[in-house]
Amino acid sequence: MKLLKSLPALLWCSVILHGQAKTDSATEKSVNKDAVYSPGYKKLIVPAVLIGYGVVSLTSDALKDLNRSTKYEIGEHQPRQIRLDNYTQYLPAAMAYGYHLAGIRGKHSFRDKTVIYGTSQLIAAAVVLPLKHAVKEERPDGSNSLSFPSGHTTTAFSSAQFLFREYKDENIWLAVSGYPFAIFTGVYRTLNDKHWVRDVVAGAGLGILSTELAYWLFPFINRILAGKKAAYTALLYPLATPEALGAGVILHF
């Protein structure tokens with residue numbers, strides 16, 4: 001249970017450390033300069049540490065015992081299971097669009113935001129889904145063998161990092177406002193007995209990384225899209241099922 005109690009602090013520390021790697025704000029506002037999107041090793045430190053912890057936990061006996069003891073403690077003091085984590089994973093991205101519609105534009109236009117966020121989700125899905133089937137880690141509740149990494153947490157932290165990147169130069173409080181929902185999502189994936197702590201920690205790292213990769217790729221994607229003469233439209237729409245809530249994007253160029 002000690003590890004579970006420290007999980008929010010661990011994830012929040014990753015937010016603080018990641019936010020300290022700032023670039024020049026005047027340069028950051030010019031979306032036409034590719035240098036703004038250039039990869040830097042400082043931006044990789046936090047996601048690398050989180051992903052590394054998750055990977056090592058798959059083989060380390062000590063960390064495996066820590067995961068099992070956490071599951072035992074959860075079972076001993078099982079809180080009421082709630083399914084809000086199915087929805088909170090998307091809240092940070094919804095907030096980014098909400099701020100934009102409210103007149104707080106952030107770094108990019110609606111169209112560019114959509115391209116970047118869509119790219120981050122494609123990257124996340126391209127990494128997480130194959131990993132789940134390759135690792136075949138059984139979930140704590142034994143429902144299947146698709147536990148590692150946590151897809152909900154990956155989505156939540158990629159969305160929170162997207163919100164951070166869009167608004168960190170506009171308003172730092174708006175920028176970090178998505179992280180509490182991301183942390184909530186990760187913690188409740190564990191409390192709901194759907195994931196081990198290692199799945200959540202690795203998912204947080206993969207989420208941050210997928211968004212960083214999306215920003216690094218944006219200048220190249222934007223040049224391809226800018227080369228098309230046809231007008232474009234972007235539509236962001238909700239998706240709902242009995243078990244989850246999501247969002248879809250349609251781009252027409």
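Tutor: Asp 193 counts as buried, because its relative accessibility is 16% and the cut-off for buried is under 20%. Please keep in mind throughout that this is a predicted model. Asp 193 belongs to the loop between H10 and H11, and its phi is positive, near 65°, although the residue is not a glycine.

The protein chain contains 11 helices and 2 strands, and the order along the sequence is α-α-α-α-α-α-α-α-α-α-α-β-β. Of its 253 residues, 46% are buried. If we take the contacts between residues at least 6 apart in sequence, 74% of them join residues at least 24 apart.

Two packed helices are described by the angle between their axes and the distance between the axes. Helix H3 covers residues 41-57 and helix H11 covers residues 197-226; their axes come within 8 Å and cross at roughly 145°, and the crossing is left-handed. On the H3 side the contact includes Leu 44, Val 46, Leu 50 and Ile 51, while on the H11 side it includes Val 201, Ala 204, Leu 206 and Trp 216. Sorted by class, the residues of this contact are 13 nonpolar, 3 polar and 3 charged.

H11 also packs with helix H8, residues 151-167, at an angle of about 40° and with the axes 7 Å apart. That angle makes H8 oblique to H11, and H8 passes H11 in a right-handed crossing. Among the residues of H8 that take part are Thr 153, Thr 154, Phe 157 and Phe 162, and they belong to a contact that includes Gly 203, Ala 204, Leu 206 and Tyr 215 of H11. By class, the contact of H8 with H11 has 8 nonpolar, 8 polar and 3 charged residues.

Leu 206 is buried, with a relative accessible area of 13%. Leaving aside its neighbours within four places in sequence, Leu 206 is in contact with Ile 51, Val 127, Val 128, Leu 131, Pro 149 and Thr 154.

The peptide bond from Phe 148 to Pro 149 is cis, with omega near -5°. The loop between H7 and H8 also holds Lys 136, a residue with a positive phi of about 55° although it is not a glycine. Lys 136 is exposed, with a relative accessible area of 58%, whereas Asp 193, at 16%, is buried.

H8 has another neighbour, helix H10, residues 179-191; the axes of the two come within 8 Å and cross at roughly 170°, which makes H8 roughly antiparallel to H10. Ala 156, Phe 157 and Ala 160 are among the H8 residues in this contact, and Ala 182, Ile 183 and Gly 186 are among those of H10.

Finally, we can look at the aromatic rings around H8. The structure holds 7 aromatic pairs. In one of them, Tyr 117 and Phe 162 have ring centres 5.0 Å apart and planes at 40°, so the pair is tilted. Tyr 117 lies in helix H7, residues 110-135, and Phe 162 in helix H8, 45 residues apart, so that the pair links distant parts of the chain. Both residues are buried, Tyr 117 with a relative accessible area of 7% and Phe 162 with 0%. Together with Tyr 97 and Phe 110, they form one aromatic cluster. Tyr 97 is in turn one of the buried residues of helix H6, residues 91-101.

Terms used. Residues numbered from 1 in each chain as written. Predicted model: local features only at pLDDT ≥ 70, side-chain atom pairs only at ≥ 80, totals over all residues. Heavy atoms only, no water. Axes fitted to C-alpha atoms, helices over the stretch in contact; angles between N-to-C directions. Helix = DSSP H or I, 4+ residues; strand = E, 2+ residues; numbered from the N terminus. Left-handed = near helix turned anticlockwise from the far one by under 90°. Contact = heavy atoms within 4.5 Å. Nonpolar A, V, L, I, M, F, W, Y, C, P; charged D, E, K, R; others polar. Parallel < 35°, antiparallel > 145°, perpendicular 65-115°, else oblique. Phe/Tyr/Trp six-rings, centres within 6.5 Å; stacked < 30°, edge-to-face > 60°. Buried < 20%, exposed > 50% of the residue type's maximum accessible area, 1.4 Å probe, protein only.
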